[in-house]
Amino acid sequence: MQYLVSVIADETHAANADEMAAIDVFNERLQADGHWVFAGGLAGPGAATVIDNRGGEGLITDGPFLESKEYLAGFWIIEAPDLDVALKLATDGSKACNRKVEVRPFL
């Protein structure tokens, strides 16, 4: 089963050198153990563009969808046999990136 592990930040600065090194080690472990699917870091909320085409005319707005103290800073998509394994991996990922993470299964 695949899980989305969202990295939640409350600061607008990127990971420091120590955090990046720990993330690299964690990513290498995910790959070696067959859990790796995909991962990426994201620009801060100020770089976001929101598009709403529900009304038939696309409305494009600069900035984040929602003003918040927390934002999505990055993510991992992992492969795990069950939620317990996914939660263990996410716990290790949280330690590596020094941020909170949220785990959600794909349907």
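This is a predicted model: local features need pLDDT of at least 70, side-chain atom pairs count only at pLDDT 80 or more; totals for chains, interfaces and linings use all residues.
Residues are numbered from 1 along each chain as its sequence is written, and side-chain values use heavy atoms, without hydrogens and water. Local features need pLDDT of at least 70, side-chain atom pairs count only at pLDDT 80 or more, and totals for chains, interfaces and linings use all residues.

Two packed helices are described by the angle and the distance between their axes. The axes of α1 (residues 17-32) and α2 come within 7 Å and cross at roughly 155 degrees. Axes are lines fitted to C-alpha atoms, for helices over the stretch in contact, with angles from 0 to 180 degrees between N-to-C directions. α1 and α2 are therefore roughly antiparallel (angles over 145 degrees). In α1, Glu19, Ala22, Ile23, Phe26, Arg29 and Leu30 meet Leu89, Asp92, Gly93, Ala96 and Cys97 of α2. The residues of this contact comprise seven nonpolar, one polar and three charged. Ala, Val, Leu, Ile, Met, Phe, Trp, Tyr, Cys and Pro count as nonpolar, Asp, Glu, Lys and Arg as charged, and the others, Gly among them, as polar.

Aspartate 92 lies in α2 (residues 83-97). Its relative accessible area is 18%, so aspartate 92 is buried (under 20%, with a 1.4 Å probe and protein chains only). Beyond neighbours within four places in sequence, aspartate 92 contacts Phe26 and Arg29 (heavy atoms within 4.5 Å).

Glycine 58 sits in the loop between β3 (49-52) and β4 (59-62). Helices (H or I, at least four residues) and strands (E, at least two) are DSSP runs, numbered from the N terminus. Glycine 58 is exposed, at 53% relative accessibility (over 50%).

Methods:
Angles under 35 degrees count as roughly parallel, over 145 as roughly antiparallel, 65 to 115 as roughly perpendicular and the rest as oblique.
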